[in-house]
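Reader: I am new to this kind of page. Please take me through the terms and show how each one is applied.

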Amino acid sequence: MILVVDIGNTNIVLGVYRGSELLHHFRLSTARQSTVDEYGVMIHNLFSMSNLSFRDVEGVIISSVVPPLVQVIVEMCVKFIGKEPLLVGPGIKTGLNLRYENPREVGADRIVNAVAAIEQYKCPLVVVDFGTATTFDCIDAGANYLGGAIVPGLGISTEALYLRASKLPRIELEKPKKVIGRNTVHAMQAGIIFGYAGQVEGIVRRIKLEMNAPVLKVIATGGLASLIASETECIDEVNPMLTLEGLRIIYNRNK
């Protein structure tokens, strides 16, 4: 088995693979203050509840957009699993042709998503990852990574509205029944959900024009992908495990 770990700003997502089969996946809150031992105990407990054992883990690969946590998770892997993990970053073989001005600026999660998308779908395509930030990653017909766009995520947008507008409450991210809200909570939910769907449609439309690719597959991933995908016709498929799949593919290319 291999363990794949994606460290995001909001969540840490873990997957356990046997070959190409995803056996189990887990989601933890990203806690920058947690120690090596705390993460070790949490992940050990998740393994135990799923009848998994650290002894069966042959290798580990990590992608991260939270630099302070990388060493913590690396040390956890060494101490509890007995494996030195691979890190997605400079020097690792991804097979991805980056056409970015400075390839080192591309987030590890964006690279991993692109690798998985190219492997699983026909190019050209766009990957929209609904995380703490929402990223749009563009791959042309030749499977070249061109770049994309980054916008504040749904959670950030919602929290900013609560923090900066004194009379507006903190709300749950749920789809309201109508766009015309009859109370403040429903009005905020309508503006955020339907407004965000419109933003995604607008960016995808511009990407298609700029890439001169009217037939362009759009893949959504990330924790809030399903919420927005249900409100727009521009997303062709939701693949919540895309990042984990990309990590598995990269691990095998560097095995």
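Author: Start with the salt bridge: a side-chain nitrogen of Lys or Arg within 4 Å of a carboxyl oxygen of Asp or Glu. This is a predicted model, where local features need pLDDT of at least 70, side-chain atom pairs count only at pLDDT 80 or more, and totals for chains, interfaces and linings use all residues. Residues are numbered from 1 along each chain as its sequence is written, and side-chain values use heavy atoms, leaving out hydrogens and water.

Reader: What makes Glu245 and Arg248 a salt bridge?

Author: Their closest N and O atoms are 3.0 Å apart. The limit is 4 Å, so the pair qualifies. Both residues lie in helix α7 (residues 242-253), three residues apart, about one turn of the helix. A helix here is a DSSP run of H or I with at least four residues; a strand is a run of E with at least two; both are numbered from the N terminus. Glu245 and Arg248 are both buried.

Reader: Why is Glu159 called partly exposed?

Author: Buried means under 20% relative accessible area and exposed means over 50%, with partly exposed in between (1.4 Å probe, protein chains only). Glu159 has 27%, so Glu159 counts as partly exposed. Its side chain meets that of Arg170 in a salt bridge, at 2.4 Å from N to O. Glu159 is in helix α4 (residues 154-164), and Arg170 is in the loop between α4 and α5 (184-211), 11 residues apart.

Reader: How do you know that Glu231 and Lys175 form a salt bridge?

Author: The closest N and O atoms are 3.0 Å apart, so this pair also meets the 4 Å limit. The two residues are 56 residues apart in the chain. Glu231 has 24% relative accessible area, so Glu231 is partly exposed. Lys175 has 45%, so Lys175 is partly exposed too. The search of the whole structure finds six salt bridges.

Reader: Why is Val13 called buried?

Author: Val13 has a relative accessible area of 13%, which is under 20%, so Val13 is buried. Val13 is found in strand β2 (residues 11-18). Contact means heavy atoms within 4.5 Å. Leaving aside residues up to four places away in sequence, Val13 touches Val4, Val5, Asp6, Phe26, Arg27 and Leu244.

Reader: What makes β10 and β11 a pair?

Author: Two strands pair if DSSP finds at least two bridges between them. Two bridges join β10 (residues 217-221) to β11, so they pair, and they run parallel. In β11, Glu237 is the bridge partner of Ile219.
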